[in-house]
Amino acid sequence: MVSEQLQRYSLKSRADEVLREITRIFDEVGIEFAQNDAKMLVCEAFGCSMSDVSSAVLLQKPLETLIREDLQLSEDPQSDSKRKNPLELLKSCVSRRLKREPLQYIVGHAAFRYLDLSVGEGVFIPRQETELIVQEALDRIAEKHIESAKMADLCAGSGAIGLSVVFENPTCFVVAAEKFVSAYKYAAENAEKIAKTAENPDDFLNRYSLRLCDATSENSLKEYDGQIDIVVSNPPYIPLSEIPEQPEVANFDPETALYGGSSDGLAIPEQIISRSAKLLKPEGLLVMEHDVSQGEPLRKFAQSCGFKQIRTCSDLTGRDRYLYAIKS
């Protein structure tokens, strides 16, 4: 169907017309931010930037002007698909998006704070709201003047949280725990990729220790018990009784990164709180993302585990989003 709707277009077609048609197709099926997604897929297919697309749209240039010089069409049948026909690749990307496959999986990366992270099937796509708990960690280090702070990133996923802290704080050490191999591979890949952009790649990698282990296990990271200044975690927390409405989440994000292990979703978050109580120094900080329904029960559980100054903090939309607690 997508092929038919885009069949009349060629590389000589105007970029604004093609972009408008893709946006219309996405709008029809209820894809949020349809125009942005359309632009991103054009960038992926043609190897160009968002500014290139905006310029081509404004000046009503043909699609062929968006093809990077090193991605010019090739007559070699063995050449990369992008080189053979970026328009066909665009059609394929549009088809995948219409099946509600996340845009980030299609393009292979996701933005998080100052990082561009590799993502794909088997790893949770980092969300904007999680950037808030990274900021809490960085603020704590600055406010308390913690030199060479030690942080634990529990349920690391793509590595977004821990890698952001190491990238933004030049002295902080982060130990990150991820249980599932599929996600662990992305975190390892992202660590290597981001290190290459750092002023001192070796120092960056020395300050980020990624472990393949269960963050909730008493035996995981045991050598760090009582030595951690800050624990930050975005664990699985969705109640088993609540299937996400967005098909991108329900059908593509790994279930192991979504559901909190019980009908109320509290099982894994509570295990993270218990483990954090052992890892943290006195006056150490725990910041943990959770479901909007879990603020009160998690505050009570944190208190039972020896935390103080406990509060629930809101996300950018004003919804209860994460736990803030200090180890007594």
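These legends accompany a set of close-up views of a predicted model. Residues are numbered from 1 along each chain as its sequence is written, and side-chain values use heavy atoms, leaving out hydrogens and water. Because this is a predicted model, local features need pLDDT of at least 70 and side-chain atom pairs count only at pLDDT 80 or more, while totals for chains, interfaces and linings use all residues.

**View 1. The hairpin of β1 and β2.**
Let us start with strand β1 (residues 109-112) and strand β2 (residues 115-118), which pair in the antiparallel sense over four bridges. Two strands pair here if DSSP finds at least two bridges between them. Helices (H or I, at least four residues) and strands (E, at least two) are DSSP runs, numbered from the N terminus. The hairpin has two residues between its strands, and R113 takes a positive phi near 50 degrees.

**View 2. Strand β7 between its partners β6 and β9.**
Strand β7 (residues 280-289) is largely enclosed by the rest of the structure, because seven of its ten residues are buried. Buried means under 20% relative accessible area, exposed over 50%, and partly exposed in between (1.4 Å probe, protein chains only). Strand β6 (residues 228-233) pairs with β7 in the parallel sense over five bridges, and V231 stands opposite L286 in β7. With strand β9 (residues 320-327), β7 pairs in the antiparallel sense, also over five bridges. Here E289 stands opposite Y322 in β9.

**View 3. Helix α8 packed against helix α9.**
Helix α8 (residues 131-143) and helix α9 (residues 160-168) pack at an angle of about 40 degrees, and their axes are 10 Å apart. That makes α8 oblique to α9. Axes are lines fitted to C-alpha atoms, for helices over the stretch in contact, and angles run from 0 to 180 degrees between N-to-C directions. Angles under 35 degrees count as roughly parallel, over 145 as roughly antiparallel, 65 to 115 as roughly perpendicular and the rest as oblique. On the α8 side, I133, V134 and L138 meet I161, S164, V165 and E168 of α9; contact means heavy atoms within 4.5 Å.

**View 4. The crossing of α2 and α4.**
In this view, the axes of α2 and helix α4 (residues 50-58) come within 7 Å and cross at roughly 110 degrees. That makes α2 roughly perpendicular to α4. The residues to look for are A15, D16 and L19 of α2, which make the contact with V53, A56 and V57 of α4.

**View 5. Cysteines C43 and C155.**
How many disulfides does a search of the whole structure find? The search finds zero, a disulfide being a pair of cysteine sulfur atoms within 2.5 Å. For C43, the nearest cysteine sulfur is that of C48, 4.4 Å away. C43 is buried, with a relative accessible area of 10%. C155 is in no disulfide either, and the nearest cysteine sulfur, that of C213, is 9.6 Å away.

**View 6. Positive phi at F33 and Q309.**
F33 is not a glycine, yet its phi is positive, near 55 degrees. You will find F33 in the loop between α2 (15-28) and α3 (34-46), and at 58% relative accessibility it counts as exposed. Q309, also not a glycine, has a positive phi of about 45 degrees. Q309 lies in strand β8 (residues 307-314) and counts as exposed at 51% relative accessibility.
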